[in-house]
Amino acid sequence: MIHSNFKRLGISIQKIIGKSVLYLVTGITSVLFVLPVFMVLNYSFKTKRELVVGNPLKLPETLQWDNYSYAFYRLDMLRSFTNTAFYTSVSVFIIAIVAGAAAWAIARNRGRFFKFSYIYFLIGILIPYQALFLPIYIIGYTMNLTNNAYGIIIMYVATGLSFGVFLMTSFMNTVPVELEEASFLDGCSIYRTYFSVVLPLLKPAVATLIIMQAFQIWNDYLLASLFVSKRSLTTLNVVLQSLFSQQSSDYSSAMAAIIISISPITILYISVQKYFIQGLTAGAVKG
Amino acid sequence: MINHKHKMQYLSLIIPAMLLFSFGVILPAIMGIYYSFTSWNGMTPEIPWVGLDNYRNIFHDSYVKNAWVFTIKFTLWNTVLQNVFALLFALLLNAGIKGKNIFRTMIFIPCLISPIIVGFIWQRIFLNILPYLNILFGTDINFLLFGSADTVLSGLLLANNWQWIGYWMLIYLAALQTIPKYLYEAAKVDGASRFRQFFIITVPMLAPAFTISIVGITIGSLKVYELLVSATNGGPGRSSTSIIYLIYNTAINGRQYGYGSAISITLIAALLVVALWQLSFLRKKEVQL
């Protein structure tokens, strides 16, 4: 009876079962992926006692906001948080401007030097800075760039440029050459044209670059741990790591610290998701 | 349109990027090669030249061998697991379900977290969360994956895959959406099964995405370090010491800059050879299709 009704409506039972299985599998997978994050959030609101006793997945009886204020003020996260935000935003800003300019010049010229520089930058993509950290550290150390806010920014910019040049070059064909030519005819210099015509048209590319480099720098540990040992200049991940290695039974404040440190980047991702996915598609799949 | 004056100005737009990149990447690479021929300890003003000694020593060093074995195992497993699961999840999300964006975001969230934190989170999962299942179900499963040399690789793979599958899933999802629908319709008309459609249309059309993800996962896995710092400390023993971890121990803690540099150079050589080989091999496959 039901079966014949479905048939009349053009729905096959096979299809319904198929769809349900699809939703079930996708649902379970997604939940499994966020479960560890939920665990961190859950622990960050628990008391020390609740950490050791009873079901670890049980929700806290009362929300311990103290864990957060302890992490933020007592562990001096405020300072490392500001430092990380400063290094990230300045580096990412410079990378976007400098890489965009180079990518534009490479895309609009045919000369041998421009071709060479494209390949030159490719080396940086194939060799991640982690493989070069030792000489990078030696350079930083001998040139007094360690324990220096500008030193670490220079290194973040230098190591982020390759990726930037590549991403921006692959986006360049979205900028119509006619607009640039019109701008030259109007008597604009090449610099003026870059800043007032090309860059604004590259907004999606710039947004993608900013997001991807922001993740990279915000989440960096190796370079930060080598370059800034001074407390006043240290970054979130370095502080977190020292916290992780100290903690024994009291890790609720460490969990609160984790939530504090991943919040800005999560908010950034969710608010610019559209650009990010666009950029991945253009930069990765086509490139 | 572009005259000579313009050309010089275009050059001036490349110069800042060139200089910074040369300073922060190319110069270190050259210096690394130089130090790899010395026995410098990083402190003394004179830098003793030892020629190929460091490279000869690498071949007899069991620590280096162990680190390479761990790093290669980690890389191979990651390349297989991340590709398979990323593609599988991308296909699931691309099968016309509602709420796709929410599921996609849920699976992607771990990518936003620093590997230092990921290591710590999984340490806690293995120590505190999973053992509770034993109490709950009265079982006796060993969940302390980071605790023994036999299981540490599986534990790290679990943590690392949890973090990165979402990223590569996004790449595959984006690639899947560029496949024109009419190809499937034509195949359907010709009577091709779903299974056959996957192999004659989906897989070939995904070739560029395969290239990107295979090269990306390889490079990413060969440089694994941060995850180990907070998850295992390279242990137990030296069972999860990766190449970068070993370089760090050798040069920074052991004060053997020259030797550490030589190990770095072997890593760079491996990265370049593997990435270029993969790129040329996979690109050729793309062209044939």
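Reader: Is B:Asp53 buried, partly exposed or exposed, and what is its relative accessible area?

Author: B:Asp53 is partly exposed, at 32% relative accessible area. Keep in mind that this is a predicted model. For chain B, the pLDDT averages 91, and 97% of the residues score at least 70.

Reader: And how should I read the whole complex? What ipTM and pTM does the predictor give?

Author: An ipTM of 0.91 and a pTM of 0.92.

Reader: How many salt bridges does the structure hold over all chains?

Author: Five. One of them joins A:Arg108 and A:Glu180 at 2.8 Å, N to O. That pair links distant parts of the chain, 72 residues apart: A:Arg108 is in helix H5 (residues 77-108) and A:Glu180 in helix H9 (residues 177-185), both of chain A.

Reader: Why does A:Glu180 count as buried?

Author: Because its relative accessible area is 1%, and buried means under 20%. A:Arg108 counts as buried too, at 14%.

Reader: Which residues are linked in a network of salt bridges?

Author: A:Asp76, A:Arg79 and A:Arg231. Between A:Asp76 and A:Arg79, the closest N and O atoms are 3.9 Å apart. A:Asp76 is partly exposed at 25%, and A:Arg79 is partly exposed at 39%.

Definitions and conventions. Residues are numbered from 1 along each chain as its sequence is written. Chains are lettered from A and ligands numbered from 1 in the order in which they are written. This is a predicted model: local features need pLDDT of at least 70, side-chain atom pairs count only at pLDDT 80 or more; totals for chains, interfaces and linings use all residues. Side-chain values use heavy atoms; hydrogens and water are left out. pLDDT is the predictor's confidence in each residue, from 0 to 100. A salt bridge is a side-chain nitrogen of Lys or Arg within 4 Å of a carboxyl oxygen of Asp or Glu. Buried means under 20% relative accessible area, exposed over 50%, partly exposed in between (1.4 Å probe, protein chains only). Helices (H or I, at least four residues) and strands (E, at least two) are DSSP runs, numbered from the N terminus.
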